[in-house]
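Biologist: I would like to go through the cavities and the helix packing in this structure. Please take the questions one at a time.

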Amino acid sequence: MSEKFTVTAALPYANGPLHLGHIAGVYLPADIFVRFLRMKQEDVLFVCGSDEHGAAITLRAKKEGISPQDIVNKYHQINSKAFKDFDIDFDIYSRTSNEIHHQTAQDYFKVLNDNGTFTKQTTEQFYDDEYNQFLADRYVTGECPNCHNPNAYGDQCEKCGSALSPTELINPVSTLSGKTPVLKETTHWFLPMERHEEWLKEWITDGTIDGVQQHDPKTWRNQVNGQSLSWINGGLHPRAMTRDLDWGVKVPVEGADGKVLYVWLDAPIGYISATKEWAQANNKDWKEYWTGDRKLVHFIGKDNIVFHAIIFPILLKQHGGLVLPDNVPAYEFLNLEGDKFSTSRNWAVWLHEFMAENPDKKDELKYVLTAIAPESRDSEFTWAEFQARVNNELADVFGNFVNRSIVLTHKYFEGKVPARGATDEYDQEVLAELATYNTKIENLIRAYKLREAQAEAMNLARLGNKYLAETEPWKLAKTDMKRVETILNIALQITANLTVVFQPFLPAKAKTLAQFLNIDLLDWSAVGKDDILSDGHSLNKPSILITKIDDDFVAKQIEKLEASKVEEVVSSFEPQKENITFDEFTKLDIRVGEILEAEKVPKADKLLKLLVDTGLDKRVVVSGIAEHYKAEEIIGKKVSILMNLAPRKIRGVESQGMILMAEDKDGKLSFVSPEKDFEAGGEVR
């Protein structure tokens, strides 16, 4: 019976380009699975899109000194083109900044709120006094309380995968100012997850809700079950579903000014809004793809397990009428040349760069990434293994077999498929084994064992190679052409099967091979058949299907990787603040000043009251330097003074500027003074 699927691939953050770790762990396996379902003529919708909200976007925008919209526009374009160039065949690749998403997410929130899904709580949240704003999860870093990674984020530790809250971090630091944040009260809408522990545990363990079977738990991966049950057994806690940010989907209820939806409420709804967008364009009803007997499948990385196996299912169930995930095939991490992929260190192979430089090697990359896919444990990509698998498997097994089969047919039979005559016992064994590949590969794909499924497709090529090697038709051509006709007929039927079994994995190569055979691409029902090519069918002249990778290519890739690597610098100084424009800089009026008088501010150990000659006037400035300088020793000192800082009272004294100071790693201060004896009033620029 034909089944119906809605398949999602995790929405990539539009704050950077995609690397091979992303592709191997989410998008390529999802694409393989969907291509197979389409070949089975099953009803499948494949949705994805850019996740364009959340603190990660605003952090990248601050770093680059541009707006969040500029950031998401830039990386949405880069990533959507990379997917297209790599033949990841989404039905729709949308984006969460679209109006349809904002409206869908707000409507969804209202339904949940009306259903009593949330609780409204006033809690303490980290606040950066220097920047005068509450800090969303990703604006806080610190030491993970579980694995003690010193660089964990406030929502998650990317080293051990633990989901966190900012207040759980040890020695938390604001990513804006680099200083320790303070706790301040704010009000948010919380999802009380502890209310859902009982049904979640039943659903994950047995695949049932209230005794009704929802999915087959035996097909779920151990890491998904393990991580989910660990969370549940440890006790679920309320999680805020709103954030104090100015970038994102506005919370659509009264009293929520300045608040947006939490990205892990916002982003999964992006699957639904993308479906709506596709449905409108194709005159469909989006609800058909999220209700009834539809199978919802989420392809994700292991760091997203909790959100797709616990939080989003709660939100789906609380909404009512929507299907819950049938499976959440999560992948472990892919490493690169003995190290973890790292955006900050530029230790990565970026998909858009690889495709721009090597458009003819996309299927070779697909093959290797699937062959080493981190389905159950972390794995590693190396250029040496890329070369070995392409040369020893794709070229020497797959490419060699199909080339020999077609070339020999042109040599002996003018490129026409010879008739099969009498078959011997070995022929019948080979044909019987050929017939097993239909269900063998299908069962593996439906069990989300795509790595094994591709290996079986290659085993079919090995079967053909072994058959030709053992029957040696090039030798029999001298004495028994009838036997050669039978051998090449069987070899060509295996070749035709290879065009089908490799379609999900190597779509471009399968299409090229079908052109060699002068046939259309076939659906999955053709797999295992030994009469795909009729007697006398004319073949086209073949070219080289797989070009081997030479040592020079590998050397250049490794050289590029090493050359682009950025060494991590461990610094005791505060991180760089957000970029400003040149126009913003020119607004700062910094001049050389001369300290005329200095005295301590009463009842303030750190403050000195200074009278400074600025060349324009003589003004009072209060400066926190009393622990570093004595009043009498700085009279006559030339300093840098920020003139146009708005006056403010400090301990009852109005300060009319700021003396600029340098601070070393131990917190010692020093004046920023002109190298030469400049007179007061000279501009600093």
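**Cavities and helix pairs**

Biologist: How do the residues lining the largest cavity divide by class?

Modeller: This is a predicted model, and the largest cavity in it holds about 130 Å³ of space. Among the 17 residues that line this cavity, those closest to its centre are Gly-54, Ala-55, Arg-243, Tyr-262 and Val-263. The lining divides into 9 nonpolar, 3 polar and 5 charged residues.

Biologist: Which elements each supply at least two residues of the lining of the second largest cavity?

Modeller: The second largest cavity has about 50 Å³ of space. Its lining includes Cys-48, Gly-49, Ser-50, Ser-94, Arg-95, Gly-270, Ser-273 and Ala-274. By class, the lining has 3 nonpolar, 6 polar and 1 charged residues. The elements that each supply at least two residues are β2 (43-50), β3 (92-95) and α7.

Biologist: Are α11 and α16 parallel, antiparallel, perpendicular or oblique to each other?

Modeller: Helix α11 (residues 383-413) and helix α16 (residues 481-501) pack with their axes 10 Å apart, at an angle of about 140 degrees. Roughly antiparallel needs an angle over 145 degrees, and roughly perpendicular covers 65 to 115. The angle of this pair is therefore classed as oblique.

Biologist: What is the handedness of the crossing of α11 and α16?

Modeller: On the α11 side, the contact includes Phe-398, Phe-401, Val-402 and Tyr-412, and on the α16 side it includes Met-481, Val-484, Leu-488 and Leu-498. By class, the contact has 14 nonpolar, 3 polar and 1 charged residues. The crossing of α11 and α16 is left-handed.

Biologist: Is α12 roughly parallel or roughly antiparallel to α16?

Modeller: The axes of helix α12 (residues 425-434) and α16 come within 11 Å and cross at roughly 10 degrees. Angles under 35 degrees count as roughly parallel. So α12 and α16 are roughly parallel.

Biologist: How many nonpolar, polar and charged residues are in the contact of α12 with α16?

Modeller: In α12, the residues that meet α16 are Asp-427, Val-430, Leu-431 and Leu-434. Their partners in α16 are Arg-483, Thr-486, Ile-490, Ile-494 and Asn-497. By class, this contact has 5 nonpolar, 2 polar and 2 charged residues.

Biologist: Is α5 roughly parallel or roughly antiparallel to α6?

Modeller: Helix α5 (residues 197-206) and helix α6 (residues 222-233) have axes that come within 10 Å and cross at roughly 160 degrees. Angles over 145 degrees count as roughly antiparallel. So α5 and α6 are roughly antiparallel.

Biologist: How do the residues in the contact of α5 with α6 divide by class?

Modeller: The crossing of α5 and α6 is left-handed. From α5, the contact takes in Glu-197, Leu-200, Lys-201, Ile-204 and Thr-205, and from α6 it takes in Asn-225, Ser-228, Leu-229, Ile-232 and Asn-233. These residues divide into 4 nonpolar, 4 polar and 2 charged.

Conventions: Residues numbered from 1 in each chain as written. Predicted model: local features only at pLDDT ≥ 70, side-chain atom pairs only at ≥ 80, totals over all residues. Heavy atoms only, no water. 1 Å grid on protein atoms, 1.4 Å probe; cavity = no way out; pocket = protein on both sides within 12 Å on 5 of 7 lines; lining within 4 Å. Points joined across faces, edges and corners; volume = space filled by probe spheres on them. Nonpolar A, V, L, I, M, F, W, Y, C, P; charged D, E, K, R; others polar. Helix = DSSP H or I, 4+ residues; strand = E, 2+ residues; numbered from the N terminus. Axes fitted to C-alpha atoms, helices over the stretch in contact; angles between N-to-C directions. Left-handed = near helix turned anticlockwise from the far one by under 90°. Contact = heavy atoms within 4.5 Å.
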